[in-house]
Amino acid sequence: MIKAATIDYIMDDPREATRLKAKVDPEAWVHKYMAGRIAPRMEVLSVGCGPGVILGAVCGLHFSVRGTGMDISADRVNEAIRLNRENPSIRFVCGDAQAMQFPPDSFDLVYCRMLLQYLPKKERAVAEMARVCKPGGTVLLQDLDGQLLWHYPEDAVLQSAVEKVVGALGSTGFDPFVGRKLFWLARQAGLENIQVQAESYHLIAGEIEPEVLKQWELKLDIAAPRIARALGGEDKARECSQRFLEYLSRPDTLTYSTVFTVTGEKPL
């Protein structure tokens, strides 16, 4: 079994790998964001790889591509090993994105997806991604902006509780507005030829679809201990979570967030 690294991660739960696997179509994501960047014999690093399904799809683009997945959670790394056990071109390790164990100039492409929002040392993590990227290689950063916070019409009680929880999570490094900061982080890491893309991510207009509701239920359940700590008790946490789920299930509400994708090249 893989030994876990130590870091304060608000979604650290054995069920998190399953949740992450269920919420993404890896082939569609890779086709949209990665396919045009992959060439034969590339070495690819997925930072915060989760269950490794996206990295598996990346390596599926060409038999000679080799992938390394790194995650802070031993549970997610072990699940990634299980899910990709038939693919000898992928390896998975436990590690901290803010202090990677890899030598400089090791990978042709380094990427992270929905990771930086949770890290306390975001600038350090992106600098590490640039450090382990080969000169002329690509670093891709993708993360959310406005997660959990943007709704209409506003429920004042719910909004107050959500903002209180998000504010309390700030002590762990959680930043719901990290998406807009990716361009600056890429520049600070010395990347060049930076490209920025912004799109709608969470967009729920009217009653939420049942499968998406289940994903939110699981996410809130995993985060329940943190919510309870922020709001002052388990009862208040359950009340807040239930109110949020009921809000998403109304026919007259809209919830949205933005996803930023930033790519840059490491100078030669």
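**Entry 1: overall**

I began with burial: 54% of the 268 residues in the chain are buried. I use buried for under 20% relative accessible area, exposed for over 50%, and partly exposed for values in between, with a 1.4 Å probe and protein chains only. This is a predicted model, so I note that local features need pLDDT of at least 70 and side-chain atom pairs count only at pLDDT 80 or more, while totals for chains, interfaces and linings use all residues. Residues are numbered from 1 along each chain as its sequence is written, and side-chain values use heavy atoms, with hydrogens and water left out.

I looked up the overall dimensions next. Along the principal axes, the C-alpha atoms fill a box of roughly 50 × 40 × 30 Å.

I listed the secondary structure as ten helices and seven strands. Helices (H or I, at least four residues) and strands (E, at least two) are DSSP runs, numbered from the N terminus.

**Entry 2**

I followed strand 2, residues 66-71. Five of its six residues are buried, so strand 2 is largely enclosed by the rest of the structure. Strand 1 (residues 43-47) runs parallel to strand 2 and is joined to it by five bridges. I count two strands as paired if DSSP finds at least two bridges between them. Leu45 has Thr68 in strand 2 as its bridge partner. From strand 1 the chain passes through helix 3 (residues 53-59) to strand 2, a right-handed β-α-β crossover. Right-handed here means that, with the strands pointing away from the viewer, the path from the first strand over the helix to the second runs clockwise.

I then checked strand 3, residues 90-94, which pairs with strand 2 in the parallel sense over five bridges. Thr68 has Arg91 as its bridge partner in strand 3. The crossover from strand 2 to strand 3 goes through helix 4 (residues 74-83) and is right-handed.

**Entry 3: backbone exceptions**

Most residues other than glycine have a negative phi, and most peptide bonds are trans.

The peptide bond from Tyr152 to Pro153 is cis, with omega near -5°. Pro153 sits in the loop between strand 5 (133-152) and helix 6 (156-169).

Met114 has a positive phi, near 55°. I found Met114 in the loop between strand 4 (107-113) and helix 5 (122-132). Met114 is buried, at 12% relative accessible area.

Asn193 also has a positive phi, near 50°. Asn193 belongs to strand 6, and at 56% relative accessibility Asn193 counts as exposed.

**Entry 4: salt bridges**

Side chains of opposite charge can pair when their charged atoms come close. I took a salt bridge as a side-chain nitrogen of Lys or Arg within 4 Å of a carboxyl oxygen of Asp or Glu. The whole structure has 14 of these.

I looked at Lys266 and Asp105, whose closest N and O atoms are 2.7 Å apart. Lys266 is in the segment after strand 7 (254-265) and Asp105 is in the loop between strand 3 and strand 4, so the pair links distant parts of the chain, 161 residues apart. Lys266 is buried at 16% relative accessibility, whereas Asp105 is partly exposed at 38%.

Asp175 and Lys181 form a salt bridge at 2.5 Å, N to O. Asp175 is buried, at 12% relative accessible area, and Lys181 is partly exposed, at 35%.

Arg250 and Asp252 form another, with the closest N and O atoms 2.8 Å apart. Arg250 is partly exposed at 31% relative accessibility, and Asp252 is partly exposed at 46%.

I also noted a network of salt bridges that links Arg124, Glu128 and Arg131.

**Entry 5: surface patch**

Last, I looked up a nonpolar surface patch made of Leu203, Leu254 and Tyr256, with about 270 Å² of accessible area together. Patches are made of residues with over 30% relative accessible area and no salt bridge; like charges are joined within 9 Å, and nonpolar side chains (Val, Leu, Ile, Met, Phe, Trp, Tyr) within 5 Å. Accessible areas come from the Shrake-Rupley method with a 1.4 Å probe, and for residues only the protein chains shown count as cover. Leu203 lies in strand 6, residues 192-205, and is exposed at 55% relative accessibility.
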